[in-house]
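User: Hi! Could you walk me through this protein, please? I'm new to this.

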Amino acid sequence: MGVATSRSSSACWRGWLQNGTLINTNLPRFEAGRFGQGVMVEEGTTNLVAEMMSQARSGLASNDAAFSTLTLVSDFGRSSNFSALSEQVTVGSNQGFFASGEANWQSVTAGLVYTASCWVFTNAVGRSATLAIIYRDAVNANLGRFSGATTPLVAGTWTRITATVTAPANAVRAQFVATASRSEIGERFWFTDLQLEQRPYATSWQLGGTSRAAEKLTYRDWE
């Protein structure tokens, strides 16, 4: 008996492998394929970020332009040619970006778990980056800034940063904030592929404002 699927990607759910091994929630499930390779199945999800902002084409500004400017560019990106370029203008922490204005905040429900994510590219060595969610109430009062883990960056490589946080009581909106570590003048950081999903982990990026249907494992005899 073999396992077939339409493409390789990541997925997590509670279930069992064909050999009876239990895979708990939030862990990836790998099945042995025909040639002994792992087969992964994509989960369904919805990216709550609007399409333009999800590609860093609008809605983002520098946290503090005195430290690092932010320019939306159309000549470099990850899933497309778009990204938000943060360039250091004085020595200090890179201020990355924040989602500017209520129109660029996502609706959430208090008590549910959300994961924010984006991808970062840098030309600098030995830097790191952090993504955070600011939850806000119905009158836009700040209910707290919740940061994900500080993630080391590798120069010349796209790296994903994430933050997973339960929306607190009275939360109705979520705001993205990203920063990078202390940087030298002229160092650059590109941010793109923003995603917010109602999950306790990040799945592969989906264009903002759209949903992805879950794929299914299919089984057949190879003989």
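Analyst: Happy to; here is some background, and then your questions. This is a predicted model, where local features need pLDDT of at least 70 and side-chain atom pairs count only at pLDDT 80 or more, while totals for chains, interfaces and linings use all residues. Residues are numbered from 1 along each chain as its sequence is written, and side-chain values use heavy atoms, leaving out hydrogens and water.

User: In what order do the strands of the five-stranded open sheet come?

Analyst: The order is β8-β9-β18-β12-β16, with antiparallel pairing. Two strands pair if DSSP finds at least two bridges between them.

User: And which are the edge strands?

Analyst: β8 (68–73) and β16 (159–166), each pairing on one side only. β8 pairs with β9 (residues 83–88) over six bridges, and T69 stands opposite E87 in β9.

User: New topic: where does R199 lie?

Analyst: R199 is in the loop between β18 (188–197) and β19 (211–212).

User: What does R199 touch?

Analyst: Leaving aside residues up to four places away in sequence, R199 touches E43, G44, T45, V113, Y114, T115 and T164. Touching, or contact, means heavy atoms within 4.5 Å.

User: Last one: how much of the protein chain is buried?

Analyst: Buried residues make up 49% of its 223 residues. Buried means under 20% relative accessible area, using a 1.4 Å probe and protein chains only.

Key. Helix = DSSP H or I, 4+ residues; strand = E, 2+ residues; numbered from the N terminus. Buried < 20%, exposed > 50% of the residue type's maximum accessible area, 1.4 Å probe, protein only.
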